[in-house]
Amino acid sequence: MAHSLPHSKIVAQISKESIEKVLEATDIVDLIGSYIQVKKAGSQYKALCPFHHEKSPSFTITPSRQYFHCFGCGKGGSAITFIRDYENLPFVDAVKKLATRAGIHLVEEASDPKEDQSRRARGRLLDVHREATAFSTSC
Ligand SMILES: [Zn+2]
């Protein structure tokens, strides 16, 4: 029985460019530091790993590469990976969360043209309504 990876399906909804934009706008030290306590250690940052129990920090963040890695449990990746695993979110939600945090509007590739059309129509109606109100108040 072949299982299709839900992961690859979800990734297709957000363009690679958007993901790169989100990562560019996110400082991984700042992000992880808002979840757990991180300590500067030379050019890197260290923390107690949130993904496994440990007493001495083996969780390392490398700001120059915007990458984290835990020598204890082997977890590692980008800011998106961290949010996904820490909050246990689907990849796409992790990207969205970071985008919101960075104030980026995500362009989703798989948009429904019908939905777009009705949105535009609603927008026009609103404009007409606004004009009508302006007219009646000026009389
Ligand atoms: Zn770990």
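**Entry 1. Order of elements**

I read the protein along its sequence and wrote down the pattern α-α-α-β-β-β-β-β-α-α-α. That comes to six helices and five strands. The model is a predicted one, and I kept that in mind throughout. I then looked up burial and found that 17% of the 139 residues count as buried. I also checked contacts between residues at least 6 apart in sequence, and 42% of these join residues at least 24 apart.

**Entry 2. The sheet**

In what order do the five strands lie in the sheet? I found an open sheet with the order β1-β2-β3-β4-β5 and antiparallel pairing. The edge strands are β1 (38–41) and β5, each of which pairs on one side only.

I went through some of the strand pairs in turn. β1 is joined to β2 by four bridges, and the two run antiparallel. I noted A41 standing opposite Q44 of β2. β3 and β4 are antiparallel as well, with four bridges; here I picked out T60, whose bridge partner in β4 is H69. Between β4 and β5 (residues 76–77) I found two bridges, again antiparallel. In that pair F68 has G77 of β5 as its bridge partner.

**Entry 3. Two hairpins**

I looked at the turns next. The hairpin of β3 and β4 has four residues between its strands. One of them is Q66, in the loop between β3 (59–62) and β4 (67–70). Its phi is near 50 degrees, which is positive although the residue is not glycine. Is Q66 buried, exposed or partly exposed? I count it as partly exposed, because 16 other C-beta atoms lie within 10 Å, and a buried residue needs 20 or more.

The hairpin of β4 and β5 has five residues between the strands. The positive phi in this turn belongs to G74, at about 85 degrees.

**Entry 4. Helix α4 and what follows**

I turned to α4 and listed its buried residues as A79, I80, F82, I83 and R84. Which elements do they pack against? I found α2 (16–25), α3 (28–33), β4, β5 and α5. The packing of α4 therefore involves both helices and strands.

After α4 comes N88, with a positive phi. The value is near 55 degrees, in a residue other than glycine. I placed N88 in the loop between α4 (79–87) and α5 (91–102). N88 counts as exposed, because it has 9 C-beta neighbours inside 10 Å and the limit for exposed is 12 or fewer.

**Entry 5. The core**

How many residues are in the largest nonpolar core? I found 20, and those with the most contacts inside it are I32, A79, V95 and L98. The elements giving two or more residues to this core are α3, β2 (44–47), β3, α4 and α5.

Leaving aside residues up to four places away in sequence, I32 touches V38, A47, I61, F68 and F82.

Terms used: Residues are numbered from 1 along each chain as its sequence is written. This is a predicted model: local features need pLDDT of at least 70, side-chain atom pairs count only at pLDDT 80 or more; totals for chains, interfaces and linings use all residues. Two strands pair if DSSP finds at least two bridges between them. Two residues are in contact if their C-beta atoms, placed from the backbone, lie within 7 Å. A nonpolar core is a set of buried Ala, Val, Leu, Ile, Met, Phe, Trp, Tyr and Cys residues joined through C-beta atoms within 7 Å.
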